[in-house]
There are 2 protein chains.
Amino acid sequence: MSYKITIIGSGNVAWHLSQALEDAGHSIQEVYSRNIDHAKKLCAKLYDAFPTDDLDFTESEADIFLVAVSDDALESVLTDLRIPDDAIIAHTSGTRPIDVLDLLFFHKGVFYPLQTFSKQRKISFDTIPLCIEASNDDTKKILTNLAKSITKHIYYFNSEKRKVLHVAAVFACNFTNHLMAISKEICDNEEINFQILDPLISETINKALDNDPAEMQTGPAIRQDVKTLQEHLSYLKEDLDKKEIYRMLSESILKMAKDRN
Amino acid sequence: MSYKITIIGSGNVAWHLSQALEDAGHSIQEVYSRNIDHAKKLCAKLYDAFPTDDLDFTESEADIFLVAVSDDALESVLTDLRIPDDAIIAHTSGTRPIDVLDLLFFHKGVFYPLQTFSKQRKISFDTIPLCIEASNDDTKKILTNLAKSITKHIYYFNSEKRKVLHVAAVFACNFTNHLMAISKEICDNEEINFQILDPLISETINKALDNDPAEMQTGPAIRQDVKTLQEHLSYLKEDLDKKEIYRMLSESILKMAKDRN
């Protein structure tokens, strides 16, 4: 099945999702962005999509409207958005419930790709989990077809569970990335090449994914190696932020180990 | 060159390092542990090593003594350790300086493998960075030979720089692992299979290693998506630890982004 799709948004998710859908044989009708230049930039990557900063799509031929804007912008976009009555609308947010879609829409869903997207980085969709929710069976079937055309990994979560998944994703993705950014800052300050940590980071992740990460914990905190903890905190003493993060995560490691025993 | 080596310690580092050295053609003479059963357990994995809980090695034939005990135990072990005058002693700690090795030892060094070791997990040494420091050129040469026999990645750091590297490693390895453990706990509580996060975690790490992780930051904090942050904090409200970690890391992400602009 091939669908006509309009993309609301031009951020990282809109950027990658629209191109993946086009590669899978669907046709992107329009791309909306509050900033028309952003819409044009994404349309330049697509076959024949029309860039617009107007949210009135009552005349659009699209079957499906995918709303991929930041969670903060979602409500205001939805207030102004007008689509044909028989079209499906789905947002791509992990945290917003399906109910955020206005009562004026008839065929509602969520189409949440569980991945981290950056514009400058190409990504293959076929391993990405797609989490679907729908207000009725027809919508569910169509969103499932759409998902199947780009990935083999389809999940059905209600809004409550999807939010929990998103919280878990923030810890496992956004926060781990930030810790690596901190680690790189520490290396940069002493002119140590961050790449020396590559094998350590790769093994840490492989070990955590192959096993229960709590069982795989190593380092001074779990060993209760007070001397090392003190030396590290003393090294970080001028950088209150990093010191506080070090202290808090070390305590949390020890607490989790104790709770599990 | 093949060396006779005695291993002081029977923890994760001693466990993997002794076997890797034997695989590389060296001979492990003795394995010391405060708990003789631990020494015996490791010796069972080795060709002909002698397990002992006695730190008097004045009669030992070993050329090199590798002290792989926890940083907290290091000083007390070194106080009691006796080795032949012409033997080399090296500890495997990231954080302890070379000077922790007593004045009574003549040929001193550090032999720090930058990796996370768990006994139940096999690991190939050849990609592991080995960080060397030595009190004289002969010792440096011999420790370099020893390192070369198990890895291609040899670095020379003084004690100050090695400590910084260890701090960076704690952030990039021990703390990221703990965040994955937290993420898994959140999933487990809602009966979500943690493995659904595999592609997200892998992509996060690949992206961070291929680029500057600070540039690759995604998620609600960097987007200043207040609504999502509030919803997540509200979901975590009963779990003060996780909530505080969420709040602190989100603030730190935003602060780093502002400091860089």
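User: In what order do the eight strands of the open sheet in chain A run?
Analyst: The model is predicted. In chain A, eight strands form an open sheet with mixed pairing. The strands at its edges, β3 (50–52) and β8 (154–156), each pair on one side only. Read across, the order is β3-β2-β1-β4-β5-β6-β7-β8.

User: Which residue of β3(A) is the bridge partner of A:Tyr32?
Analyst: Strands of a sheet pair through backbone hydrogen bonds, either parallel or antiparallel. Strand β2 (residues 27–32) of chain A pairs with β3(A) in the parallel sense, over three bridges. The partner of A:Tyr32 in β3(A) is A:Thr52.

User: What angle does the direction of helix α1 of chain A make with that of β2(A)?
Analyst: Helix α1 (residues 12–23) of chain A packs on the sheet. The strands it touches are β1 (4–8), β2, β4 (64–67) and β6 of chain A. Its direction and that of β2(A) make an angle of about 165 degrees.

User: Are A:Ile88, A:Ala90, A:Ile89 and A:His91 of strand β5 buried or exposed?
Analyst: In a regular strand the side chains alternate between the two faces of the sheet. In strand β5 (residues 88–91) of chain A, A:Ile88 and A:Ala90 are on one side, and A:Ile89 and A:His91 are on the other. Both faces of the strand are covered, and these four residues are all buried.

User: Which residue of β5(A) is the bridge partner of A:Leu66?
Analyst: β4(A) and β5(A) run parallel and are joined by four bridges. In β5(A), A:Leu66 has as its bridge partner A:Ala90.

User: How many residues of domain 2 of chain A are in contact with domain 1?
Analyst: Chain A is divided into domain 1 (4–157) and domain 2 (162–260). Their centres, taken over C-alpha atoms, are separated by 35 Å. Nine residues of domain 1 are in contact with residues of domain 2, and on the domain 2 side the number is six.

User: Which strands each supply at least two residues to the side of domain 1 of chain A that touches domain 2?
Analyst: The residues on this side of domain 1 divide into five nonpolar, three polar and one charged. The strands that each supply at least two of the residues are β6 (107–113) and β7 (130–134) of chain A.

User: At what angle to β7(A) does helix α5 of chain A run?
Analyst: Helix α5 covers residues 159–189 of chain A and lies across β6 and β7 of that chain. The angle to β7(A) is about 155 degrees.

User: Which helix gives the most to the side of chain A that touches chain B?
Analyst: 81 residues of chain A are in contact with 81 residues of chain B. Helices α3 (71–80), α5, α6 (198–210), α7 (226–235) and α8 (240–260) of chain A each supply at least two residues of this side. The residues of this side divide into 44 nonpolar, 19 polar and 18 charged. With 24 residues, the helix that gives the most is α5(A).

User: Why do the copies meet through the same surface?
Analyst: The interface residues of chain A can be looked up in chain B. The copies meet through the same surface because the share that are also interface residues in chain B is 100%.

User: As by what kind of axis are the two copies related?
Analyst: Chain A can be laid on chain B by a turn of 180 degrees and a shift of 0.0 Å along the axis, with an RMSD of 0.0 Å. The two copies are therefore related as by a two-fold rotation axis.

User: Which residue of chain A comes closest to the rotation axis?
Analyst: The distance is taken at the C-alpha atom, and the closest approach in chain A is 2.5 Å. The residue is A:Thr176.

User: Near what value is phi of A:Gln224?
Analyst: Most residues other than glycine have a negative phi, and most peptide bonds are trans. A:Gln224 lies in the loop between α6 and α7 of chain A. A:Gln224 is partly exposed, with 14 other C-beta atoms within 10 Å. Its phi is positive, near 55 degrees.

Technical notes: Residues numbered from 1 in each chain as written. Chains lettered and ligands numbered in written order. Predicted model: local features only at pLDDT ≥ 70, side-chain atom pairs only at ≥ 80, totals over all residues. Domains from an automatic or database assignment. Contact = placed C-beta atoms within 7 Å. Nonpolar A, V, L, I, M, F, W, Y, C, P; charged D, E, K, R; others polar. Pairing = 2+ DSSP bridges. Axes fitted to C-alpha atoms, helices over the stretch in contact; angles between N-to-C directions. Least-squares fit on C-alpha atoms with pLDDT ≥ 70 in both. Buried ≥ 20, exposed ≤ 12 C-beta atoms within 10 Å, placed from the backbone.
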